[in-house]
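Please look at the sequence and the model before reading on.

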Amino acid sequence: MCGIIGIVGKNPVNQLLYDGLLVLQHRGQDAAGIVTCDGNTFHMHKNNGLVKDVFHTRHMRNLVGNVGIAHVRYPTAGSSSAAEAQPFYVNSPFGIVLGHNGNLTNSEQLKSEMFRQDLRHINTNSDSEVLLNVLAHEIESTSKNALLNSDMVFDAVAGVHRRCKGAYAVVAMIANFGLLAFRDPHGIRPLVIGKQETEKGTEYIVASESVALDVLGFTLLRDVEPGEAVFIDMDGNLCSRQCAENAKLTSCIFEYVYLARPDSVIDGVSVYQTRLDMGTLLAEKIKREWADKQIDVVIPIPDTSRPSALQLGIALGLDYREGFIKNRYIGRTFIMPGQALRKKSVRQKLNPIGIEFKGKNVLLVDDSIVRGTTSQQIVQMARDAGANKVYFASAAPPVRYPNVYGIDMPSRHELLATNRTDEEICAEIGADALIYQDLDALRESITKSNPHMTEFDCSCFDGKYVTGDIDAAYLNRIESARSDMSKKQLPPNSTTQLDLNLLSTDLVGVE
């Protein structure tokens, strides 16, 4: 999760960055931050909370400059303290700020290297701060106090790829020099480039999802390739270079299932179209395996499952009905950090329409089942509303393994499907029958739109981690550090906001 944006404009970018963060709010609701660059000075404001609550008029007035980056956060590593809101800043060698989407799998090793070899101090538990310091050290090594140029920056990114493991889509800004964006060699997390023409010249944007470009009036150029770095200088000149050896696209398949907005296009694939195709393929499985079941109506669990449920109903020749009304002022329950909070929020979030359930055999369709808390309560809601039979369909396969690349699926014992059969899962959520999408069918729903995409990170479904550095010891370590029990033990969120003008005084080496 997390959403990132970077803009090199010809006019002030503070409003564009704010509006872009609003569009990417679904990727993180824990914290938000914006940094702009005006000459030698960074202007920063960040705090815990939703975008609309973090930024007020007085903050926006102080975010001056035609270049900037922005971030919305949802915590998977570290804590949810306001001190870990992004972007992060380091003043050496040239003054750099960075925002990161993803998760480093070797951050502990890198922290040790930072202290012992690179002589850099890490202030927080965030792997994003580790990544920033690795980048800063590599830039210092490649520049060797000479005038900085784009080739040196690309060489530094190559060094980052050699040292950092895991998933990372990054936007960074070097004071009075330009904006840098890059993606890990597997392309696990998404990142796109766009541009727009203005009276003053061409403006460029990089963002987690193409929907941010649509809303801000930019035209989508392309995705940042796995292992590629893109650099845009302060005058708006763009250059790029492949900085990784053996780069290969294996993007996160869960982006298409749940994380991304349906109106986004990721790696040339419409998220909405994949969800329609998920419904068609799941309907084919239902025809094969549930021929004996009488289903009266298909009802989606809003919002993500709607395209799949609609197409599934069409393919089965069944009525599609909206059976749940969603309170849009409740956040996404999947990313709330505790079972008690999730249980409370589900009932506040959804309310059934009784006439759509009473006396009917209903097929509920959801995008996935992760912890099962939501599914269990929704099945019970349907029964309380008078449903005769409650069948449950998941547009994704069973989630049986932790995700280590930036999604909050940290602990195997919290995942409903771990060490359970489909029948046991069905009994746990209280449904009369349960059916899952097959993993091959899920892959097909994406490759139908882009045949060049042949491999994906499906680790939460099949336990195969594409970075090749995940073992049982690592999983045990992150589970103990990132489980719900650990989150409950964290100190209360700090309400301290960070609102700074960061003066970059060591700019003599910037060309």
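Helices (H or I, at least four residues) and strands (E, at least two) are DSSP runs, numbered from the N terminus. The model is predicted: local features need pLDDT of at least 70, side-chain atom pairs count only at pLDDT 80 or more, and totals for chains, interfaces and linings use all residues. Residues are numbered from 1 along each chain as its sequence is written, and side-chain values use heavy atoms, with hydrogens and water left out.

**Overall**

- The protein has 17 helices and 23 strands.
- Of the 511 residues, 61% are buried; buried means under 20% relative accessible area, exposed over 50%, and partly exposed in between (1.4 Å probe, protein chains only).
- Among contacts (heavy atoms within 4.5 Å) with a separation of 6 or more, 72% are between residues 24 or more positions apart.

**Helix pair α9 and α10**

- Helix α9 (residues 271–289) packs against helix α10 (residues 306–316) at an angle of about 40°, and their axes are 7 Å apart.
- That angle makes α9 oblique to α10; angles under 35 degrees count as roughly parallel, over 145 as roughly antiparallel, 65 to 115 as roughly perpendicular and the rest as oblique.
- Axes are lines fitted to C-alpha atoms, for helices over the stretch in contact, and angles run from 0 to 180 degrees between N-to-C directions.
- The crossing of α9 and α10 is right-handed: a crossing is right-handed if the near helix is turned clockwise from the far one by less than a right angle, and left-handed if anticlockwise.
- On the α9 side the contact is made by Tyr272, Arg275, Leu276, Met278, Gly279, Thr280, Leu282, Ala283, Ile286 and Lys287; α10 contributes Pro307, Ser308, Gln311, Leu312, Ala315 and Leu316.
- The residues of this contact comprise 10 nonpolar, 4 polar and 2 charged. Ala, Val, Leu, Ile, Met, Phe, Trp, Tyr, Cys and Pro count as nonpolar, Asp, Glu, Lys and Arg as charged, and the others, Gly among them, as polar.

**The sheet and its helices**

- An open sheet is formed by 5 strands in the order β17-β16-β20-β21-β22, with parallel pairing; two strands pair if DSSP finds at least two bridges between them.
- β17 (319–320) and β22 (433–436) are the edge strands, each pairing on one side only.
- Strand β16 (residues 297–300) pairs with β17 in the parallel sense over 2 bridges, and Val298 stands opposite Tyr320 in β17.
- α9 also packs on the sheet, where it touches β20 (361–366), β21 (389–394) and β22; the direction of α9 makes about 135° with that of β22.
- Helix α13 (residues 422–429) lies across β21 and β22 and runs at about 125° to β22.

**Cis peptide bonds**

- Gln86 and Pro87 are joined by a cis peptide bond, with omega about 5°. Pro87 lies in the loop between β4 (67–73) and β5 (88–90).
- A cis peptide bond also joins Pro302 and Asp303, with omega about 5°. Asp303 is in the loop between β16 and α10.

- Asp267 is not a glycine, yet has a positive phi of about 50°. Asp267 sits in the loop between β14 (265–266) and β15 (269–270), and counts as buried at 8% relative accessibility.
- Asn419 has a positive phi near 60° and is likewise a residue other than glycine. Asn419 is in the loop between β21 and α13, and counts as exposed at 76% relative accessibility.
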